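Please bring up the sequence and the structure, and I shall then go through selected features.

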Amino acid sequence: MSKQDGSSRQVTTGPVDDSATPILHVDMDAFFVSVELLTRPELRGKPVLVGGTAGRGVVAAASYEARRFGVNSAMPMSIALQRCPNAIVLRGDYASYAKYSKQVMAIFEQLTPLVEPLSIDEAFLDVSGARRLHGSPAEIAWTIRERVRAETGLTCSVGVAATKYVAKVASSRAKPDGMLVVPAADTVAFLHPLPVSALWGVGRVTEESLLRLGLRTVGDVATMPHDALVRAVGPALASRLERLANGIDPRDVHTTRVEKSIGHENTFGYDLTDPVDIRRELLRLADNVGVRLRKAGLVGRTVVLKLRYGDFRTVTRSRTLAEPTDVARRIYDEASEALTELIGDGQRIRLIGVRAEHLQVSGSGAMLWDPDEEWRDAERTIDEVTAKFGKGSVRPATLVGRRGERGERGEAGERGEARDEQSRADGDDDASTAAAGWGW
């Protein structure tokens, strides 16, 4: 997307045709930092970071002054401070962020009932039915920005377009504190000059593949022969990139949010090398995933293992089950099988993650048999004991006395889908995951 330091800012300043642009993407500007500055006005105009400072803490949010030094969210704090030695680091207050998020979302819902929150600091709005009461899409976007500023003291950026994808790109281009309307007739002209990284699904690895083919802009992707694009990125991603490159995105704004995955991951204070320690951590994470699945009344058909090595190389492996499960033991067994081929020879492991995908409501499909019946009964009994006596009152013996590390974070919902090293370079803050565990 656009550079997130505001240097490539693009905004709408005059009359524009917004007659066929009912979709808004509203994104708060450097949300965590902006909330902190409400009570620390003396820090305005200075490079400010919010995140963890101990061990392997990472950046949850960076002010635009800090971003000009090449600092961004999800970056290790140690690297951020190398790039910006004068940065002021704040540990953050998630309760305060949640309070302001609630206020902002309430403003959205007063203007249209069709609000799809993406995280604590951004949402899609469909204002098709709000025109009679509140004006055109551009007027509604202007109203949102003014009300957010007046009622919270914060700023936001708004993209207005015919589709969700283009609206999100537009809000990114408008940062900070701007509004960009992309008329429906100008969609392709707006998209085609942008770099290939502006396409959803193009992370660092995919971007490198496209650049090797000489594809540097969205327009290059749009005109690339289909067969050549398939050879470069595979048939599924090729089809999606072709549609997006031509501004095609049929998704509606959904007011109910369906979780796409449930998972936990942990970045360690020191690299793990002992396979016993690694599998012990894997068991703990799988147990947490199982608990959350059962609590949500969901089962998952796919188990995904994520590993990050000491050199920051990251790999994932997925295994699809014959029957969907909410049993931690099954999740662990599948992830452990995948782990076997990835560790050994003293390899240093920096991060481990486990998640369940392809979720469905528990009991929504009839199973021919339940291969995990005994484990399921045992784990549900543990759930009942935990509910009565508290978390940690009962747990697998393997976990007792483990060398635990702080820093675990959970992930759930749409943002758990297809996450990679570049995915949140699209927006301001990785707010949905950052608050849960950046080592604070």
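Let me begin with a definition: helix axes are lines fitted to C-alpha atoms over the stretch in contact, and angles run from 0 to 180 degrees between N-to-C directions. Helices (H or I, at least four residues) and strands (E, at least two) are DSSP runs, numbered from the N terminus. This is a predicted model, in which local features need pLDDT of at least 70 and side-chain atom pairs count only at pLDDT 80 or more, while totals for chains, interfaces and linings use all residues. Residues are numbered from 1 along each chain as its sequence is written, and side-chain values use heavy atoms, with hydrogens and water left out.

The protein chain comprises 16 helices and 13 strands. Of its 440 residues, 52% count as buried, where buried means under 20% relative accessible area, exposed over 50%, and partly exposed in between (1.4 Å probe, protein chains only).

H4 (residues 94–111) and H6 (residues 137–152) pack at an angle of about 145 degrees, with their axes 10 Å apart. In this contact (heavy atoms within 4.5 Å), Tyr 100, Gln 103, Val 104, Ile 107, Phe 108, Gln 110 and Leu 111 of H4 meet Ile 140, Thr 143, Ile 144, Arg 147, Val 148, Glu 151 and Thr 152 of H6. By class, the contact has eight nonpolar, four polar and two charged residues; here Ala, Val, Leu, Ile, Met, Phe, Trp, Tyr, Cys and Pro count as nonpolar, Asp, Glu, Lys and Arg as charged, and the others, Gly among them, as polar.

Rings of Phe, Tyr and Trp (its six-membered ring) pair if their centres lie within 6.5 Å; planes under 30 degrees apart count as stacked, over 60 as edge-to-face and the rest as tilted. A search of the whole structure finds four such pairs. One of them, Phe 32 with Tyr 97, is stacked, at 4.3 Å centre to centre and 10 degrees between the planes. This pair links distant parts of the chain, with Phe 32 in H1 (residues 31–39) and Tyr 97 in H4, 65 residues apart. Are these two residues, Phe 32 and Tyr 97, buried or exposed? Both Phe 32 and Tyr 97 are buried. Ring pairs join Phe 31, Phe 32 and Tyr 97 into a cluster.

Next, the backbone. Most residues other than glycine have a negative phi, and most peptide bonds are trans. Ala 30, in the loop between strand S1 (23–28) and H1, has a positive phi of about 40 degrees. Ala 74 likewise has a positive phi, of about 75 degrees, and is found in the loop between H2 (64–67) and H3 (77–83). As to accessibility, Ala 30 is buried at 3% relative accessible area, whereas Ala 74 counts as partly exposed at 38%. A cis peptide bond joins Lys 175 and Pro 176, with omega about -5 degrees. Pro 176 is found in the loop between H7 (164–173) and strand S8 (179–181).

How many residues of H7 are buried? Ten of its ten residues are buried, among them Lys 164, Lys 168 and Arg 173.

Finally, Gly 51 lies in strand S2 (residues 48–51) and is buried, with a relative accessible area of 0%. Gly 51 and Met 75 are 24 residues apart in sequence and 9.8 Å apart in space, C-alpha to C-alpha.
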